Amino acid sequence: MAHPGRIRLVVLFGGRSAEHPVSLRSARAVLGQLDAERYDLRPLGITRDGGWLGAAESRILLEGGLPASSGGSPYLPDGTDCLFPVLHGPGGEDGTLQGWAELCGVPCVGSPCLGSALAMDKGIAKRVLRDAGVPVLPWTELRRQDFEADPDAAAARLFAFAAGPCFVKPLALGSSIGISRADDPSSLREALELAFRYGRAALVEPEYCGRELEIAVLEGQPPLVSPPGEIRPTAWYDYQAKYLDDSAALLIPAPEVPPAALEALRRHAATAFEALRLAGMARVDFFLGGGGQVVLNEVNTIPGFTSISMYPRLMELAGVPFGELCDRLVQLALARAGSEGQLEAEHRTA
Ligand SMILES: Nc1ncnc2c1ncn2[C@@H]1O[C@H](COP(=O)(O)OP(=O)(O)O)[C@@H](O)[C@H]1O
Ligand SMILES: [Mg+2]
(Lines give C-alpha, C1' and ligand atoms only; values in the text may rest on other atoms or scores of the structure.)
(Ligands and ions follow the chains in the order given, each with its own letter.)
Protein backbone atom coordinates (compact mmCIF):
# COMPACT_ATOMS: atom_id res chain seq x y z
CA MET A 1 0.00 0.00 0.00
CA ALA A 2 1.33 3.43 -0.89
CA HIS A 3 2.17 5.72 2.03
CA PRO A 4 2.62 9.21 0.69
CA GLY A 5 5.74 10.86 2.04
CA ARG A 6 7.60 7.65 2.76
CA ILE A 7 11.10 7.43 1.38
CA ARG A 8 11.37 4.72 -1.24
CA LEU A 9 14.60 3.07 -0.23
CA VAL A 10 16.16 0.34 -2.36
CA VAL A 11 18.42 -1.89 -0.28
CA LEU A 12 20.86 -3.69 -2.57
CA PHE A 13 22.36 -6.98 -1.40
CA GLY A 14 24.02 -10.19 -2.55
CA GLY A 15 26.24 -9.70 -5.56
CA ARG A 16 29.25 -11.39 -7.10
CA SER A 17 31.58 -10.96 -4.18
CA ALA A 18 32.74 -13.81 -1.98
CA GLU A 19 31.00 -11.88 0.78
CA HIS A 20 27.59 -12.61 -0.80
CA PRO A 21 26.34 -14.51 2.30
CA VAL A 22 27.58 -11.74 4.63
CA SER A 23 25.77 -9.20 2.49
CA LEU A 24 22.50 -11.15 2.88
CA ARG A 25 22.85 -11.13 6.66
CA SER A 26 23.78 -7.44 6.70
CA ALA A 27 20.82 -6.53 4.46
CA ARG A 28 18.39 -8.41 6.72
CA ALA A 29 19.78 -6.51 9.69
CA VAL A 30 19.54 -3.11 7.95
CA LEU A 31 15.99 -3.81 6.71
CA GLY A 32 15.00 -4.82 10.23
CA GLN A 33 16.27 -1.54 11.64
CA LEU A 34 14.54 0.93 9.33
CA ASP A 35 11.11 2.15 10.33
CA ALA A 36 8.47 0.97 7.82
CA GLU A 37 6.32 3.99 8.71
CA ARG A 38 8.96 6.29 7.30
CA TYR A 39 10.59 4.07 4.69
CA ASP A 40 9.02 2.17 1.82
CA LEU A 41 11.63 -0.59 1.86
CA ARG A 42 12.46 -2.36 -1.38
CA PRO A 43 15.02 -5.13 -1.09
CA LEU A 44 16.80 -5.69 -4.41
CA GLY A 45 18.87 -8.85 -4.65
CA ILE A 46 21.81 -9.38 -6.97
CA THR A 47 22.66 -13.00 -7.77
CA ARG A 48 26.12 -14.53 -7.46
CA ASP A 49 26.38 -14.11 -11.24
CA GLY A 50 25.54 -10.42 -11.07
CA GLY A 51 21.89 -10.58 -12.20
CA TRP A 52 19.55 -7.98 -10.68
CA LEU A 53 16.36 -9.65 -9.48
CA GLY A 54 12.77 -8.43 -9.44
CA ALA A 55 10.94 -7.67 -6.19
CA ALA A 56 9.49 -11.16 -5.53
CA GLU A 57 12.70 -13.01 -6.30
CA SER A 58 14.73 -10.55 -4.27
CA ARG A 59 12.64 -11.57 -1.25
CA ILE A 60 13.40 -15.22 -1.96
CA LEU A 61 17.14 -14.53 -2.12
CA LEU A 62 16.97 -12.42 1.03
CA GLU A 63 15.32 -15.24 2.92
CA GLY A 64 18.01 -17.67 1.87
CA GLY A 65 16.13 -19.35 -1.00
CA LEU A 66 17.20 -19.92 -4.57
CA PRO A 67 15.50 -17.56 -7.03
CA ALA A 68 14.28 -19.22 -10.23
CA SER A 69 15.38 -16.36 -12.47
CA SER A 70 18.97 -15.45 -13.23
CA GLY A 71 18.11 -11.75 -13.03
CA GLY A 72 18.90 -8.99 -15.50
CA SER A 73 20.80 -5.75 -15.96
CA PRO A 74 20.99 -3.04 -13.30
CA TYR A 75 17.69 -1.15 -12.98
CA LEU A 76 16.03 1.30 -10.65
CA PRO A 77 12.61 0.33 -9.31
CA ASP A 78 9.99 3.01 -10.12
CA GLY A 79 10.20 6.06 -7.93
CA THR A 80 13.42 5.15 -6.12
CA ASP A 81 14.37 7.96 -3.72
CA CYS A 82 17.61 6.49 -2.42
CA LEU A 83 19.87 3.44 -2.75
CA PHE A 84 21.45 1.68 0.20
CA PRO A 85 24.13 -0.68 -1.12
CA VAL A 86 24.83 -3.41 1.42
CA LEU A 87 27.31 -4.99 -0.98
CA HIS A 88 30.99 -5.74 -0.60
CA GLY A 89 33.94 -5.86 -2.96
CA PRO A 90 34.03 -5.33 -6.74
CA GLY A 91 30.73 -4.26 -8.30
CA GLY A 92 29.29 -3.01 -5.02
CA GLU A 93 31.91 -1.21 -2.97
CA ASP A 94 34.41 -0.21 -5.66
CA GLY A 95 32.71 2.87 -7.10
CA THR A 96 31.12 1.31 -10.18
CA LEU A 97 27.67 1.09 -8.58
CA GLN A 98 28.14 4.52 -7.02
CA GLY A 99 29.07 6.03 -10.41
CA TRP A 100 26.00 4.46 -11.97
CA ALA A 101 23.80 5.90 -9.21
CA GLU A 102 25.39 9.32 -9.79
CA LEU A 103 24.62 9.06 -13.53
CA CYS A 104 21.05 8.06 -12.71
CA GLY A 105 20.77 11.02 -10.34
CA VAL A 106 19.79 8.83 -7.38
CA PRO A 107 21.21 9.46 -3.90
CA CYS A 108 23.26 6.55 -2.64
CA VAL A 109 24.26 5.75 0.95
CA GLY A 110 28.00 5.83 1.64
CA SER A 111 30.93 7.09 -0.35
CA PRO A 112 30.58 8.43 -3.89
CA CYS A 113 32.27 6.95 -6.96
CA LEU A 114 35.70 8.50 -6.44
CA GLY A 115 36.12 7.75 -2.74
CA SER A 116 34.85 4.20 -3.15
CA ALA A 117 37.26 3.52 -6.00
CA LEU A 118 40.22 5.10 -4.17
CA ALA A 119 39.63 3.04 -1.06
CA MET A 120 39.16 -0.20 -3.00
CA ASP A 121 42.57 -0.06 -4.68
CA LYS A 122 44.97 -0.75 -1.82
CA GLY A 123 47.94 0.76 -3.71
CA ILE A 124 46.21 4.01 -4.67
CA ALA A 125 44.75 4.30 -1.16
CA LYS A 126 48.22 3.97 0.36
CA ARG A 127 49.60 6.72 -1.89
CA VAL A 128 46.80 9.11 -0.95
CA LEU A 129 47.11 8.26 2.75
CA ARG A 130 50.89 8.61 2.78
CA ASP A 131 50.54 11.98 1.13
CA ALA A 132 48.07 13.00 3.85
CA GLY A 133 50.57 12.05 6.56
CA VAL A 134 48.89 8.81 7.61
CA PRO A 135 51.42 6.02 8.34
CA VAL A 136 51.08 2.97 6.06
CA LEU A 137 53.33 -0.07 5.61
CA PRO A 138 55.90 0.02 2.81
CA TRP A 139 54.71 -1.92 -0.23
CA THR A 140 55.50 -2.86 -3.82
CA GLU A 141 53.07 -3.58 -6.61
CA LEU A 142 53.46 -6.13 -9.38
CA ARG A 143 51.50 -6.60 -12.59
CA ARG A 144 50.56 -10.07 -13.70
CA GLN A 145 52.41 -9.79 -17.02
CA ASP A 146 55.63 -8.78 -15.24
CA PHE A 147 55.29 -11.77 -12.94
CA GLU A 148 54.58 -14.15 -15.80
CA ALA A 149 57.63 -12.95 -17.74
CA ASP A 150 59.89 -14.45 -15.02
CA PRO A 151 58.07 -15.67 -11.90
CA ASP A 152 61.16 -16.76 -9.95
CA ALA A 153 63.03 -13.52 -10.57
CA ALA A 154 59.95 -11.50 -9.55
CA ALA A 155 59.50 -13.54 -6.37
CA ALA A 156 63.18 -13.18 -5.46
CA ARG A 157 63.09 -9.42 -6.04
CA LEU A 158 59.96 -8.95 -3.94
CA PHE A 159 61.28 -11.14 -1.17
CA ALA A 160 64.43 -9.00 -1.06
CA PHE A 161 62.18 -5.93 -0.81
CA ALA A 162 60.21 -7.37 2.13
CA ALA A 163 63.41 -8.62 3.76
CA GLY A 164 61.48 -11.29 5.65
CA PRO A 165 57.97 -12.72 6.03
CA CYS A 166 55.45 -10.81 3.97
CA PHE A 167 51.83 -10.60 2.88
CA VAL A 168 50.68 -10.83 -0.73
CA LYS A 169 47.30 -9.40 -1.69
CA PRO A 170 45.32 -8.83 -4.87
CA LEU A 171 45.44 -5.07 -5.32
CA ALA A 172 41.70 -4.55 -5.22
CA LEU A 173 39.52 -7.19 -3.66
CA GLY A 174 38.80 -7.38 0.07
CA SER A 175 37.43 -10.11 2.33
CA SER A 176 40.87 -11.76 2.63
CA ILE A 177 40.32 -13.65 -0.62
CA GLY A 178 43.54 -14.33 -2.52
CA ILE A 179 45.70 -13.10 0.39
CA SER A 180 48.52 -15.18 1.80
CA ARG A 181 51.58 -14.97 3.95
CA ALA A 182 54.97 -15.98 2.56
CA ASP A 183 58.22 -16.58 4.34
CA ASP A 184 60.63 -17.46 1.54
CA PRO A 185 60.93 -16.79 -2.21
CA SER A 186 59.23 -20.04 -3.19
CA SER A 187 56.17 -19.50 -0.95
CA LEU A 188 56.11 -15.92 -2.20
CA ARG A 189 55.90 -17.21 -5.77
CA GLU A 190 52.94 -19.40 -4.80
CA ALA A 191 51.31 -16.50 -2.98
CA LEU A 192 51.66 -14.34 -6.10
CA GLU A 193 50.19 -17.08 -8.29
CA LEU A 194 47.19 -17.19 -5.97
CA ALA A 195 46.78 -13.39 -5.90
CA PHE A 196 46.91 -13.22 -9.72
CA ARG A 197 43.98 -15.62 -9.90
CA TYR A 198 41.90 -12.78 -8.48
CA GLY A 199 43.30 -9.74 -10.23
CA ARG A 200 45.76 -8.30 -12.71
CA ALA A 201 47.89 -6.67 -10.04
CA ALA A 202 49.14 -7.63 -6.60
CA LEU A 203 50.76 -5.94 -3.67
CA VAL A 204 53.50 -7.22 -1.37
CA GLU A 205 54.21 -5.74 2.05
CA PRO A 206 56.29 -6.88 5.02
CA GLU A 207 54.49 -8.69 7.80
CA TYR A 208 53.64 -6.40 10.69
CA CYS A 209 53.57 -8.01 14.11
CA GLY A 210 51.00 -6.12 16.09
CA ARG A 211 47.41 -5.97 17.27
CA GLU A 212 44.56 -5.34 14.82
CA LEU A 213 42.40 -2.37 15.79
CA GLU A 214 39.46 -0.90 13.90
CA ILE A 215 37.75 2.45 14.08
CA ALA A 216 34.26 3.33 12.82
CA VAL A 217 33.69 6.72 11.20
CA LEU A 218 30.34 8.39 10.46
CA GLU A 219 30.12 11.47 8.23
CA GLY A 220 29.59 14.74 10.08
CA GLN A 221 31.08 18.16 10.73
CA PRO A 222 33.47 16.95 12.08
CA PRO A 223 33.07 13.22 11.38
CA LEU A 224 32.10 11.07 14.36
CA VAL A 225 35.02 8.78 15.20
CA SER A 226 34.42 5.76 17.46
CA PRO A 227 36.73 4.24 20.04
CA PRO A 228 38.72 1.30 18.63
CA GLY A 229 37.58 -2.30 18.56
CA GLU A 230 40.02 -5.16 18.32
CA ILE A 231 40.15 -8.37 16.31
CA ARG A 232 42.02 -11.24 17.86
CA PRO A 233 42.34 -13.82 15.11
CA THR A 234 43.69 -17.26 15.91
CA ALA A 235 46.32 -16.81 13.17
CA TRP A 236 45.98 -13.97 10.64
CA TYR A 237 42.51 -12.80 9.83
CA ASP A 238 41.79 -14.96 6.78
CA TYR A 239 38.54 -15.70 5.01
CA GLN A 240 37.96 -18.82 7.12
CA ALA A 241 38.33 -16.92 10.38
CA LYS A 242 36.30 -13.96 9.14
CA TYR A 243 33.25 -15.68 7.79
CA LEU A 244 33.23 -19.42 8.17
CA ASP A 245 34.11 -20.39 11.68
CA ASP A 246 33.91 -17.20 13.74
CA SER A 247 37.27 -18.12 15.23
CA ALA A 248 38.32 -14.49 15.59
CA ALA A 249 37.26 -12.72 18.75
CA LEU A 250 35.97 -9.15 18.55
CA LEU A 251 36.82 -7.06 21.59
CA ILE A 252 34.65 -3.95 21.81
CA PRO A 253 36.13 -1.65 22.95
CA ALA A 254 39.72 -2.75 22.49
CA PRO A 255 41.33 -3.16 25.91
CA GLU A 256 44.42 -1.35 27.12
CA VAL A 257 45.23 0.97 24.26
CA PRO A 258 47.82 3.56 25.37
CA PRO A 259 46.35 7.10 25.32
CA ALA A 260 48.84 8.37 22.70
CA ALA A 261 47.95 5.46 20.38
CA LEU A 262 44.25 6.07 20.95
CA GLU A 263 44.64 9.66 19.93
CA ALA A 264 46.68 8.70 16.85
CA LEU A 265 44.13 6.06 15.77
CA ARG A 266 41.26 8.50 15.94
CA ARG A 267 43.15 11.30 14.25
CA HIS A 268 44.39 9.08 11.40
CA ALA A 269 40.92 7.58 10.91
CA ALA A 270 39.43 11.06 10.51
CA THR A 271 42.25 12.15 8.17
CA ALA A 272 41.83 9.00 6.06
CA PHE A 273 38.09 9.66 5.75
CA GLU A 274 38.73 13.15 4.42
CA ALA A 275 41.78 12.34 2.30
CA LEU A 276 40.06 9.49 0.45
CA ARG A 277 37.00 11.68 -0.20
CA LEU A 278 34.70 9.37 1.72
CA ALA A 279 31.14 10.05 2.75
CA GLY A 280 28.59 8.35 4.97
CA MET A 281 30.52 5.63 6.71
CA ALA A 282 33.86 3.85 6.80
CA ARG A 283 35.65 1.32 8.94
CA VAL A 284 39.33 2.14 9.18
CA ASP A 285 41.61 -0.77 10.09
CA PHE A 286 44.97 -0.40 11.80
CA PHE A 287 47.87 -2.33 13.24
CA LEU A 288 49.15 -1.30 16.65
CA GLY A 289 52.82 -2.11 17.27
CA GLY A 290 54.34 -3.17 20.57
CA GLY A 291 55.89 0.28 21.02
CA GLY A 292 52.50 1.97 20.61
CA GLN A 293 53.05 2.96 16.96
CA VAL A 294 50.02 2.97 14.69
CA VAL A 295 49.89 1.94 11.00
CA LEU A 296 46.80 2.10 8.82
CA ASN A 297 46.15 -1.21 7.04
CA GLU A 298 43.02 -0.55 4.98
CA VAL A 299 39.76 1.34 4.72
CA ASN A 300 36.40 -0.31 4.08
CA THR A 301 33.69 1.91 2.65
CA ILE A 302 30.89 -0.65 3.12
CA PRO A 303 31.76 -2.50 6.29
CA GLY A 304 29.90 -5.59 7.52
CA PHE A 305 26.50 -4.57 8.83
CA THR A 306 25.11 -7.51 10.76
CA SER A 307 24.06 -6.78 14.31
CA ILE A 308 27.26 -8.42 15.57
CA SER A 309 29.56 -6.68 13.06
CA MET A 310 32.32 -4.36 14.21
CA TYR A 311 31.03 -1.20 12.50
CA PRO A 312 27.53 -0.97 14.01
CA ARG A 313 28.81 -2.09 17.40
CA LEU A 314 31.52 0.57 17.44
CA MET A 315 28.98 3.20 16.40
CA GLU A 316 26.73 2.09 19.23
CA LEU A 317 29.67 2.60 21.57
CA ALA A 318 30.10 6.08 20.09
CA GLY A 319 26.47 6.83 20.99
CA VAL A 320 24.63 5.96 17.77
CA PRO A 321 22.38 2.87 18.10
CA PHE A 322 21.97 0.63 15.04
CA GLY A 323 18.51 1.89 14.02
CA GLU A 324 19.55 5.52 14.26
CA LEU A 325 22.75 4.73 12.35
CA CYS A 326 20.84 3.31 9.36
CA ASP A 327 18.47 6.26 9.43
CA ARG A 328 21.30 8.80 9.62
CA LEU A 329 23.14 7.19 6.71
CA VAL A 330 20.06 7.55 4.48
CA GLN A 331 19.47 11.13 5.63
CA LEU A 332 23.13 11.98 4.93
CA ALA A 333 22.84 10.57 1.39
CA LEU A 334 19.66 12.56 0.74
CA ALA A 335 21.17 15.76 2.17
CA ARG A 336 24.33 15.37 0.08
CA ALA A 337 22.36 14.82 -3.11
CA GLY A 338 20.16 17.81 -2.23
CA SER A 339 23.10 20.18 -1.74
CA GLU A 340 24.84 18.93 -4.87
CA GLY A 341 21.63 19.36 -6.86
CA GLN A 342 21.38 22.92 -5.58
CA LEU A 343 24.98 23.67 -6.57
CA GLU A 344 24.33 22.36 -10.06
CA ALA A 345 21.20 24.43 -10.40
CA GLU A 346 23.08 27.55 -9.29
CA HIS A 347 25.73 26.74 -11.88
CA ARG A 348 23.16 26.47 -14.64
CA THR A 349 21.59 29.81 -13.82
CA ALA A 350 24.91 31.61 -13.24
N1 LIG B 1 51.28 -6.63 6.45
C2 LIG B 1 50.59 -7.46 7.24
N3 LIG B 1 51.12 -7.94 8.39
C4 LIG B 1 50.44 -8.79 9.19
N5 LIG B 1 49.20 -9.22 8.92
C6 LIG B 1 48.59 -8.78 7.80
C7 LIG B 1 49.25 -7.87 6.91
N8 LIG B 1 48.41 -7.61 5.90
C9 LIG B 1 47.28 -8.29 6.15
N10 LIG B 1 47.38 -9.01 7.27
C11 LIG B 1 46.37 -9.94 7.83
O12 LIG B 1 45.48 -10.31 6.77
C13 LIG B 1 44.15 -9.83 7.01
C14 LIG B 1 43.50 -9.41 5.71
O15 LIG B 1 44.26 -8.38 5.10
P16 LIG B 1 43.59 -7.02 4.61
O17 LIG B 1 44.67 -6.15 4.08
O18 LIG B 1 42.78 -6.48 5.73
O19 LIG B 1 42.70 -7.49 3.40
P20 LIG B 1 41.12 -7.53 3.15
O21 LIG B 1 40.82 -6.34 2.31
O22 LIG B 1 40.92 -8.77 2.38
O23 LIG B 1 40.43 -7.51 4.49
C24 LIG B 1 44.33 -8.73 8.04
O25 LIG B 1 43.16 -8.56 8.81
C26 LIG B 1 45.51 -9.26 8.87
O27 LIG B 1 45.09 -10.28 9.78
MG1 LIG C 1 40.74 -6.29 6.10
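**Reading a predicted fold: a tutorial**

Tutor: In this predicted model, residues 24 or more positions apart account for 66% of the contacts in the chain with a separation of 6 or more.

Student: Which secondary structure does the chain contain, and how much of the chain is buried?

Tutor: The secondary structure comes to twelve helices and 13 strands. Buried residues make up 44% of the 350 residues.

Student: How does the radius of gyration of the chain stand against that of a compact globule?

Tutor: The radius of gyration is read against the value for a compact globule with the given number of residues. For 350 residues that value would be near 20 Å, and the chain has 21 Å, which agrees. Along its principal axes the C-alpha trace spans about 65 × 50 × 50 Å.

Student: How many bridges join E1 to E3, and how many pair E1 with E2?

Tutor: Strand E1 (residues 7–14) is joined to E3 by five bridges, and the two run parallel. In that pairing, Val11 stands opposite Phe84 in E3. E1 and E2 pair over eight bridges, also in the parallel sense. The bridge partner of Ile7 in E2 is Tyr39. Between these two strands the chain passes through H1, and this β-α-β crossover is right-handed.

Student: Which residues of helix H3 are buried, and what do they pack against?

Tutor: One asks where the buried residues sit around the helix axis. In H3 (residues 96–104) the buried residues are Leu97, Gln98 and Ala101. They cover an arc of only 100° around the axis, which puts them on the same side of H3. These buried residues pack against E3 and helix H4 (113–120). Gly105 follows H3 and has a positive phi, near 75°.

Student: Where is Pro135 placed, and which residues is Pro135 in contact with beyond its neighbours in sequence?

Tutor: A single residue is read by its place in the chain, its surroundings and its contacts. Pro135 is in the loop between helix H5 (122–131) and strand E4 (140–143). With 14 other C-beta atoms within 10 Å, Pro135 is partly exposed. Leaving aside neighbours within four places in sequence, Pro135 is in contact with Val294, Val295 and Leu296. Its C-alpha atom is separated by 21 Å from that of Pro170, 35 residues apart along the chain.

Student: Is Leu332 buried, exposed or partly exposed?

Tutor: Leu332 counts as partly exposed because it has 19 C-beta neighbours inside 10 Å, whereas a buried residue needs 20 or more. Leu332 lies in helix H12 (residues 322–349). Not counting residues up to four places away in sequence, Leu332 touches Glu219 and Gly280.

Methods: Residues are numbered from 1 along each chain as its sequence is written. Chains are lettered from A and ligands numbered from 1 in the order in which they are written. This is a predicted model: local features need pLDDT of at least 70, side-chain atom pairs count only at pLDDT 80 or more; totals for chains, interfaces and linings use all residues. Two strands pair if DSSP finds at least two bridges between them. Helices (H or I, at least four residues) and strands (E, at least two) are DSSP runs, numbered from the N terminus. A residue is buried if 20 or more other C-beta atoms lie within 10 Å of its own, exposed if 12 or fewer, and partly exposed in between; C-beta atoms are placed from the backbone. The arc is that of the directions from the helix axis to the C-beta atoms. Two residues are in contact if their C-beta atoms, placed from the backbone, lie within 7 Å. The radius of gyration is taken over C-alpha atoms; the globule rule is 2.2 Å times the number of residues to the power 0.38. A crossover is right-handed if, with the strands pointing away from the viewer, the path from the first strand over the helix to the second runs clockwise.
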